[in-house]
Amino acid sequence: MDEPRQPTTATGGSQVPAATRALRVLRFLATQPDPVPLERIAREVGLPRSTAYHLLAAMIAEGFVTHLAEEHRYGLGVAAFEVGSGYSRQEPLQRLSRRALAALVDRVGQTAHLAVLHGRDVLYVVEERAPGRPPLVTDVGVRLPAHLTASGRAVLARLPAAQVRALYPSPDAFVDRHGSGPRTLGELRAVLVETRRRGHATEDGEVTPGMASTAAAVLDHNGHPVAGLAVTYPAGEVSPALVAREVGRTADLLTRRLGGHPAAGPERPAVD
């Protein structure tokens, strides 16, 4: 049997150079706090303007890049975040988080879970149930609307505004569960602004009546949110401030384990 042919070099005419260029564009866009113009992308990646334009057009068609026509700028598309979420759903993140979540549950006496963004939903990938606590809707493998959950809001609050706008282009994108929560992009923005101001996300009865959640984002080495870490508890049973502090400490720990830097916000003591 013939040996598989190796990819040719950049001068050999294969598809490898185009793939390499696309990956360089994605890596560059991932490091930018806001969408950027075509000329800057071409300059930073080392491409002729016309080549960069056609490459971006192909990436837009596949959903990896979003074009903000009115601003003449380009940013990451939803597909790029789906790829990131796919990585975070895999074994490394789950293995890194289980012991930390178990320790968090021991400290607060409530159930903790980890969720990743998947389109406009969050997908729960880890749950550590506190002893004696009833099961929640946030079981592993369950999806819930990101804009209603604390874990989803924690992640959305760390995304560029253009990405949030791409996820929620119209009121039809807002799913309703119990008649509460944001129903327009403006209302969601207000929630996310408050989330960033506090340094953590909350929801009270928007997923399950009588239950509240507090969450913080777990960040990767580029500062992008790969997951939301949350604790869910009966509303009024525990101190939200205590839960927020412990959730923040654990999210910071996981961020450091992923090679990231804890998000700016209220100072939190390190977790051993």
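**Close-up 1. The side chains of serine 213 and threonine 232 are joined by a polar contact of 2.7 Å.** The model shown here and in the following views is predicted. Serine 213 lies in strand E7, which comprises residues 211–219. Its relative accessible area is 6%, so serine 213 counts as buried, the cut-off being under 20%. Leaving aside neighbours within four places in sequence, serine 213 is in contact with Ala150, Ala201, Thr202, Glu203, Val231, Thr232 and Tyr233.

**Close-up 2. Strand E7 pairs with strand E6 in the antiparallel sense.** Four bridges join E7 to E6, which spans residues 201–204. Glutamate 203 is positioned opposite serine 213 of E7. Six residues separate the two strands of this hairpin, and glycine 205 in the turn has a positive phi of about 80°.

**Close-up 3. Strand E7 also pairs with strand E8, residues 225–234.** The pairing is antiparallel and extends over nine bridges; within it, alanine 217 has glycine 228 of E8 as its bridge partner. The hairpin of E7 and E8 has five residues between the strands, and glycine 223 there takes a positive phi near 85°. Nine of the nine residues of E7 are buried, so this strand is largely enclosed by the rest of the structure.

**Close-up 4. The largest nonpolar core contains 39 residues.** Val25, Leu29, Ile41, Leu117, Leu156 and Tyr168 touch the most other members. Helix H1, residues 16–30, supplies the largest share of this core, five residues. A second, separate core of 27 residues includes Ala112, Leu114, Tyr233 and Ala251.

**Close-up 5. The surroundings of tyrosine 168.** Not counting residues up to four places away in sequence, tyrosine 168 touches Arg120, Ala146, His147, Leu156, Ala173, Phe174, Leu185 and Leu188.

How values were computed:
Residues are numbered from 1 along each chain as its sequence is written. This is a predicted model: local features need pLDDT of at least 70, side-chain atom pairs count only at pLDDT 80 or more; totals for chains, interfaces and linings use all residues. Side-chain values use heavy atoms; hydrogens and water are left out. A nonpolar core is a set of buried Ala, Val, Leu, Ile, Met, Phe, Trp, Tyr and Cys residues joined through side-chain atoms within 4.5 Å. Buried means under 20% relative accessible area, exposed over 50%, partly exposed in between (1.4 Å probe, protein chains only). Contact means heavy atoms within 4.5 Å. A polar contact is a pair of N or O atoms within 3.5 Å; within protein, one must be able to donate a hydrogen and the other to accept it, and residues adjacent in sequence count only if both atoms are side-chain atoms. Two strands pair if DSSP finds at least two bridges between them.
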